Amino acid sequence: MIFGANEKLVMIGDSITDTDRKRPHGEGRNDSIGKGYVSVVNSLIQTVYPELALRIINMGISGNTVRNLKERWQTDVLELKPDWVSVMIGINDVWRQYDQPLITESHVYIEEYRNTLEELIVTTLPNVKGVILMTPFYIEPNRSDAMRRSMDQYGEVVKELAAKHDTKFVDTQAAMDAILGHIYPAALAWDRVHPSLIGHTVLARAFLRAVGFDWNKE
């Protein structure tokens with residue numbers, strides 16, 4: 001497990017991370033941390049590794065793109081002084097190109113995505129123990145589907161940046177693809193984007209594998 005005792009992990013992203021978390025900071029009692037993969041990650045770590053007293057803060061905001069993350073990075077990440085930062089962004093960067101094709105100012109094309117995400121990584125790494133990069137995903141098994149094809153391209157950017165900057169990497173699309181061999185997409189997410197608790201558990205499991213979670217720990 002990469003996390004040490006009494007460390008702080010900030011998890012930031014869009015609606016998949018947000019899941020109705022508390023404002024201004026997603027932590028505290030009941031559903032303050034949200035109702036998605038961040039909550040599953042927190043629950044499993046607190047259950048299996050209670051001695052770590054790991055503090056997890058959910059800073060996801062629904063609808064965000066990497067452009068939005070850049071605008072709030074100072075206040076919502078750096079000023080919280082985390083030891084670790086987890087980032088999953090890109091779904092809206094791609095989705096707006098398909099559900100709002102004529103509103104081009106809402107589109108974040110791949111070069112802006114790459115450059116902005118890399119800027120955030122470079123800015124953050126000197127101030128933390130590590131960064132965990134998670135790919136965006138689309139709950140669609142047909143890789144020839146236009147939006148799935150685009151999402152895969154953005155996911156490749158995340159993979160390349162993780163390798164370039166030696167960060168932890170979580171391939172959420174690969175994790176989703178494994179379960180899509182058995183479960184129809186609409187059963188996981190009505191819009192192929194916002195997953196059920198099953199889908200969020202898939203994301204949490206992929207995240208925990210990447211950070212060295214010991215599933216056999218007593």
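## Salt bridges within helices

D99 is partly exposed, with a relative accessible area of 38%; partly exposed denotes values between buried, under 20% relative accessible area, and exposed, over 50%, for a 1.4 Å probe and protein chains only. The model is predicted, so that local features require pLDDT of at least 70 and side-chain atom pairs count only at pLDDT 80 or more, while totals for chains, interfaces and linings use all residues. Residues are numbered from 1 along each chain as its sequence is written, and side-chain values use heavy atoms, with hydrogens and water left out.

D99 forms a salt bridge with R96, and the closest N and O atoms are 2.7 Å apart. A salt bridge here is a side-chain nitrogen of Lys or Arg within 4 Å of a carboxyl oxygen of Asp or Glu. Both residues belong to helix α4 (residues 91–99), where they are 3 residues apart, about one turn of the helix. Helices (H or I, at least four residues) and strands (E, at least two) are DSSP runs, numbered from the N terminus. R96 counts as buried, at 14% relative accessibility.

In helix α5 (residues 110–124), E111 and R114 are likewise 3 residues apart, a separation of about one helical turn. Their salt bridge has its closest N and O atoms 3.6 Å apart. E111 is partly exposed at 44% relative accessible area, and R114 is partly exposed at 22%.

## A link between helices and a network

E118 forms a salt bridge with K164, with 2.7 Å between the closest N and O atoms. This pair joins distant parts of the chain, since E118 lies in helix α5 and K164 in helix α6, 46 residues apart. E118 is buried, with a relative accessible area of 16%, whereas K164 is exposed at 60%.

A search of the whole structure finds 15 salt bridges. R143, R148, D152 and D177 are linked in a network of such contacts.

Strand β4 (residues 130–134) is largely enclosed by the rest of the structure, because 5 of its 5 residues are buried. In a regular strand the side chains alternate between the two faces of the sheet. In β4, G130, I132 and M134 point one way and V131 and L133 the other, and all are buried.

β4 pairs in the parallel sense with strand β3 (residues 84–88) over 5 bridges, pairing being assigned if DSSP finds at least two bridges between two strands. In this pairing S86 stands opposite I132. β4 also pairs in the parallel sense with strand β5 (residues 168–170), over 3 bridges, and L133 stands opposite F169. β4, helix α6 (residues 146–165) and β5 make a right-handed β-α-β unit; right-handed means that, with the strands pointing away from the viewer, the path from the first strand over the helix to the second runs clockwise.

## Pockets

The largest pocket holds about 240 Å³ of space. On a 1 Å grid over the protein atoms alone, a pocket is an open set of points where a 1.4 Å probe fits, with protein on both sides within 12 Å along at least five of seven lines, and lining residues have an atom within 4 Å of a point. Grid points are joined across faces, edges and corners, and the volume is the space filled by probe spheres set on the points. The lining includes F169, D171, T201 and R205. β5, α7 (172–180) and α9 (197–210) each supply at least two lining residues, and α9 gives the most, with 6 residues. The lining divides into 8 nonpolar, 1 polar and 3 charged residues. Ala, Val, Leu, Ile, Met, Phe, Trp, Tyr, Cys and Pro count as nonpolar, Asp, Glu, Lys and Arg as charged, and the others, Gly among them, as polar.

The second largest pocket has a volume of about 170 Å³. Of its 14 lining residues, D152, E156, D171, Q173 and A174 are the closest to its centre. α6 and α7 each supply at least two residues of this lining, with α6 giving the most, 6 residues. Here the division is 4 nonpolar, 3 polar and 7 charged.

## Backbone features in loops

The peptide bond from R23 to P24 is cis, with omega near 0°. P24 is found in the loop between α1 (15–18) and α2 (37–48).

A53, in the loop between α2 and β2 (55–58), has a positive phi of about 50° although it is not a glycine. A53 is partly exposed at 39% relative accessibility. D166, in the loop between α6 and β5, is a residue other than glycine with a positive phi, near 55°. D166 is exposed, with a relative accessible area of 69%.
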